[in-house]
Amino acid sequence: MTHQEFIVRRAQTRDVPRIQALVEPLVQQRILLGKDRVVFYEAVQEFRVVEDLEGNLVGCGALHVMWEDLGEVRTLAVSEDWLGRGIGHALIGRLEADARELGLTRLFCLTFEVDFFTRHGFVDMGTETVDPAIYAELVRSPDEGVAEFLDLARVKPNTLGNTRMLKRLA
Ligand SMILES: CC(=O)SCCNC(=O)CCNC(=O)[C@H](O)C(C)(C)COP(=O)(O)OP(=O)(O)OC[C@H]1O[C@@H](n2cnc3c(N)ncnc32)[C@H](O)[C@@H]1OP(=O)(O)O
């Protein structure tokens, strides 16, 4: 996807240190969860990044598959200098297209940015429950995002103050 001022592309392994540098201030502010560098390398195929015309990495976002129909938008971040210029919007659009291509019909996110995600069609999950048969399978996952989706007690420190949101893809 090409825009006038930036491009959205698949992440490459060489981007990982720059992705980590981009999210680090947000980790410090407890907006995003910190992850070890090895975890970013392992997840590199999930990531889309945004570069400005000078090649600076100014945005990132990831799509993590959880179940046949269900994925999570993760690690969505835009550089402070570039906020409010459509990069978040472009990333969400790209991640949704990736989700559709994979056959997903529901996208989860856990966020403080409720207005941004609401504008992009996500709704507060509230106390929405998961089908018991699928719950029994999902609960076996060691992944923290899955535990956040299920609202498990062990991840309450991660979810505190955040909103669990879901979007049904048309
Ligand atoms: C699932 C997770 O990862 S949760 C974590 C989400 N990330 C964070 O909380 C990290 C901190 N926040 C951020 O990095 C950013 O604020 C993000 C990612 C949430 C949004 O990124 P941005 O690039 O600023 O988003 P974007 O520019 O598309 O939209 C923001 C505003 O700019 C406006 N905007 C300006 N230019 C444009 C444009 N060309 N296209 C679209 N929107 C534009 C939008 O209207 C929007 O205004 P609104 O918020 O009043 O609707």
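What is the mean pLDDT of the chain, and what percentage of its residues reach 70 or more?

## Confidence of the model

This is a predicted model, and the mean pLDDT of its chain is 94, with 98% of the residues reaching 70 or more. For the complex, the predictor gives an ipTM of 0.90 together with a pTM of 0.93.

## Secondary structure

Seven helices and seven strands make up the secondary structure of the chain.

## Overall dimensions and packing

The radius of gyration of the chain is 16 Å, which agrees with the value near 15 Å for a compact globule, because the latter is the figure that 170 residues would give. Taken along the principal axes, the box filled by the C-alpha atoms of the chain is roughly 50 × 35 × 25 Å.

Of the 170 residues in the chain, 49% are buried.

## Surface and charge

The chain exposes about 9,300 Å², of which carbon and sulfur atoms supply 51%. Its side chains include 20 positive and 27 negative ones, and the centres of these two sets lie 1 Å apart.

Methods:
Residues numbered from 1 in each chain as written. Predicted model: local features only at pLDDT ≥ 70, side-chain atom pairs only at ≥ 80, totals over all residues. Heavy atoms only, no water. pLDDT = per-residue confidence, 0-100. Helix = DSSP H or I, 4+ residues; strand = E, 2+ residues; numbered from the N terminus. Rg over C-alpha atoms; globule rule 2.2 N^0.38 Å. Buried < 20%, exposed > 50% of the residue type's maximum accessible area, 1.4 Å probe, protein only. Areas by Shrake-Rupley, 256 points an atom, 1.4 Å probe, with all protein chains shown as cover. Lys, Arg positive; Asp, Glu negative; His and termini not counted. Charge placed at Lys NZ, Arg CZ, Asp CG, Glu CD.
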